[in-house]
Amino acid sequence: MARVLAVFMLAGSLLASVSGLLTDEACPEDVQVKQGFSLADFAGRWYEYKRYEQFYEKDLDCTVAEYQPTGKNTISVKNGGFNFANNTRVVADGTAVLSFPDDTEQPGKLNVAFFGAKPDRSNYWVLDTDYTSYGVVFSCEPFYKDTSKNVLGFWIFSRTPTFPTDEAVVKRVDELVKKYGDASKFEVPNQSDERCPRSY
């Protein structure tokens, strides 16, 4: 029963909105996303290294995102996490599509939605990735309860449970955090516990 409740709580929050850090500031208009972005190369499993805490990820560790191509401009999304306190595995299935498939200036922007909702908002922006080791994603959209506020999301991903130590990668990620994020706001999920599921 705990697992079922967790999934439905997750579903409700995702359908409502991305729920991260609230801000009174306007969403930035000059966000530069990954140029030449390849949805196919971005597919596969990504481990969360750091994130802005989302309501639907509260108390979750072992968090991963898995993407599989379903069309030229679409991928399936499976997000998974594990709650150590009650040994609950939480899974959310969704869909992502390129926001502007014909716009070469915004190739790394995606519309992501879960549990059958229509992916009609550009809410998942890939700032940079090398596809093989790291990915950095940013989000900013109006808060559904008060559109005078915006909700910020920031995720740093790794292809493995530990983040790469390559100096160039670390430097690039630090640059993006300084430009678009706030390092003091990050949560760091546990990816090393032996209880982390091998699959979701």
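This is a predicted model: local features need pLDDT of at least 70, side-chain atom pairs count only at pLDDT 80 or more; totals for chains, interfaces and linings use all residues.

**Stop 1: helix H3.** Select residues 167-180, a helix of 14 residues that reaches 20 Å from its first C-alpha to its last. Show the side chains of Val169, Val173, Leu176, Val177 and Tyr180, which are buried. They sit on the same side of H3, because they cover an arc of only 100° around the axis. At the start of the helix, zoom in on Asp166, where a side-chain oxygen comes to within 3.1 Å of the backbone nitrogen of Ala168.

**Stop 2: Cys27 and Cys140.** Select this pair to see a disulfide, S to S 2.0 Å. Cys27 lies in the loop between strand S1 (21-23) and helix H2 (39-42), while Cys140 is in strand S8, 113 residues apart. Cys27 is partly exposed, at 21% relative accessible area, whereas Cys140 is buried, at 5%.

**Stop 3: Cys62 and Cys196.** Here is another disulfide, S to S 2.1 Å. The torsion about its S-S bond is about -70°, so the disulfide is left-handed. Cys62 and Cys196 are both buried.

**Last stop: the annotated span.** Select residues 39-175, where an unreviewed UniProt entry places the feature "domain: Lipocalin/cytosolic fatty-acid binding". This span is 9% helix and 55% strand.

Notes
Residues are numbered from 1 along each chain as its sequence is written. Side-chain values use heavy atoms; hydrogens and water are left out. UniProt positions are given in the numbering used here, feature names are shortened, and annotations may be inferred rather than shown by experiment. Helices (H or I, at least four residues) and strands (E, at least two) are DSSP runs, numbered from the N terminus. The expected span of a helix is 1.5 Å times one less than its number of residues. Buried means under 20% relative accessible area, exposed over 50%, partly exposed in between (1.4 Å probe, protein chains only). The arc is that of the directions from the helix axis to the C-beta atoms. A polar contact is a pair of N or O atoms within 3.5 Å; within protein, one must be able to donate a hydrogen and the other to accept it, and residues adjacent in sequence count only if both atoms are side-chain atoms. A disulfide is a pair of cysteine sulfur atoms within 2.5 Å.
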